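Welcome to my notebook. I opened this structure to look up a few things, and here is what I wrote down as I went.

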Amino acid sequence: MMKVSIILWLIISVVCPAVYMHYVFIYGTLKKGQSNHSIIKNTTNGQAEFLARARTVERYPLVIATKNNYPFLLNVPGMGQRVHGEIYCVDQKMLDFLDEFEACPELYQRTTVQVEVQDGDGEGANTLKPGRFMDAFVYSTTRYEPEWLQKPTYENYDTNGDHGLQYHEDTSPE
Ligand SMILES: *[C@@H]1O[C@H](CO)[C@@H](O)[C@H](O)[C@H]1NC(C)=O
Ligand SMILES: *[C@@H]1O[C@H](CO)[C@@H](O)[C@H](O)[C@H]1NC(C)=O
């Protein structure tokens, strides 16, 4: 019985080396240098360790949509571009916080994506080797308006990019 659960634990690919830790691939406002990065650094929300930059193995449309200019990875593999982002190892508390922050599952859904590690200069012992393929959680969406599929796609999201669609929280009615 004991052996079976250990083997099960080993094959759960989105679990980090430490028990109850998870890999998360982020591509939007939570990345380094973007407006919400402080959320992932804030230990009140849980633990998160930056591991590496990575890009999706498949192409996905990364578009900017809604009046708040949210970045959305549309869950439509094979369209768009291989999307660049960052891999973090997070604990259950941070994962729960991120689910709430991402309005999961109403706005984004947490699914699994295959990513390729680009550089392994992470912060700790969990550093990943460049070229490694691995699975991580990602907040993407299937709840998009049909016309979002016609929007420009981005390879590497930057709120201050030359698209001019800076992310902001606007709570005023439409
Ligand atoms: C995320 O960034 C937006 C835009 O800068 C800001 O208005 C919002 O307060 C941030 N959210 C959190 C939880 O820090
Ligand atoms: C960390 O998050 C908590 C709760 O979400 C918040 O009250 C606090 O102001 C945040 N601290 C920083 C430095 O952003």
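This is a predicted model: local features need pLDDT of at least 70, side-chain atom pairs count only at pLDDT 80 or more; totals for chains, interfaces and linings use all residues.

**Entry 1: salt bridges.** I looked up one of them, between Asp-119 and Arg-53, where the closest N and O atoms are 2.8 Å apart.

**Entry 2: the largest pocket.** Next I went looking for open space. I noted a volume of about 230 Å³ for the largest pocket. Which residues come closest to its centre? I listed Thr-29, Pro-71, Phe-101, Glu-102 and Tyr-108, out of 16 residues that line this pocket. I then sorted the lining by residue type and got twelve nonpolar, two polar and two charged.

**Entry 3: ligand 1.** Around ligand 1 I found Ser-35, Asn-36, Ile-39, Tyr-167 and Glu-169. By type, this shell divides into two nonpolar, two polar and one charged. I followed the side chain of Asn-36 and saw one of its N or O atoms 2.4 Å from an oxygen atom of ligand 1. How much of ligand 1 does the protein bury? Taken alone, ligand 1 exposes 360 Å², and the protein buries 54% of that.

**Entry 4: ligand 2.** I turned to ligand 2 and found Asn-42, Thr-44 and Asn-45 around it. The side chain of Asn-42 has an N or O atom 2.3 Å from an oxygen atom of ligand 2. For the side chain of Asn-45, I noted 3.2 Å between an N or O atom and an oxygen atom of this ligand. Ligand 2 taken alone exposes 360 Å², of which the protein buries 29%.

**Entry 5: backbone details.** Is the peptide bond from Cys-104 to Pro-105 cis or trans? I read it as cis, with omega near 10 degrees. Pro-105 belongs to the loop between α3 (92-101) and β6. I also stopped at Asn-69, a residue other than glycine whose phi is positive, near 55 degrees. I located Asn-69 in the loop between β3 (62-65) and β4.

Key. Residues are numbered from 1 along each chain as its sequence is written. Chains are lettered from A and ligands numbered from 1 in the order in which they are written. Side-chain values use heavy atoms; hydrogens and water are left out. On a 1 Å grid over the protein atoms alone, a cavity is a set of points where a 1.4 Å probe fits but cannot get out, and a pocket is an open set with protein on both sides within 12 Å along at least five of seven lines; lining residues have an atom within 4 Å of a point. Grid points are joined across faces, edges and corners, and a volume is the space filled by probe spheres set on the points. Ala, Val, Leu, Ile, Met, Phe, Trp, Tyr, Cys and Pro count as nonpolar, Asp, Glu, Lys and Arg as charged, and the others, Gly among them, as polar. A residue is near a molecule or strand if one of its heavy atoms lies within 4 Å of it. A polar contact is a pair of N or O atoms within 3.5 Å; within protein, one must be able to donate a hydrogen and the other to accept it, and residues adjacent in sequence count only if both atoms are side-chain atoms. Accessible areas come from the Shrake-Rupley method with a 1.4 Å probe; for residues, only the protein chains shown count as cover. A salt bridge is a side-chain nitrogen of Lys or Arg within 4 Å of a carboxyl oxygen of Asp or Glu. Helices (H or I, at least four residues) and strands (E, at least two) are DSSP runs, numbered from the N terminus.
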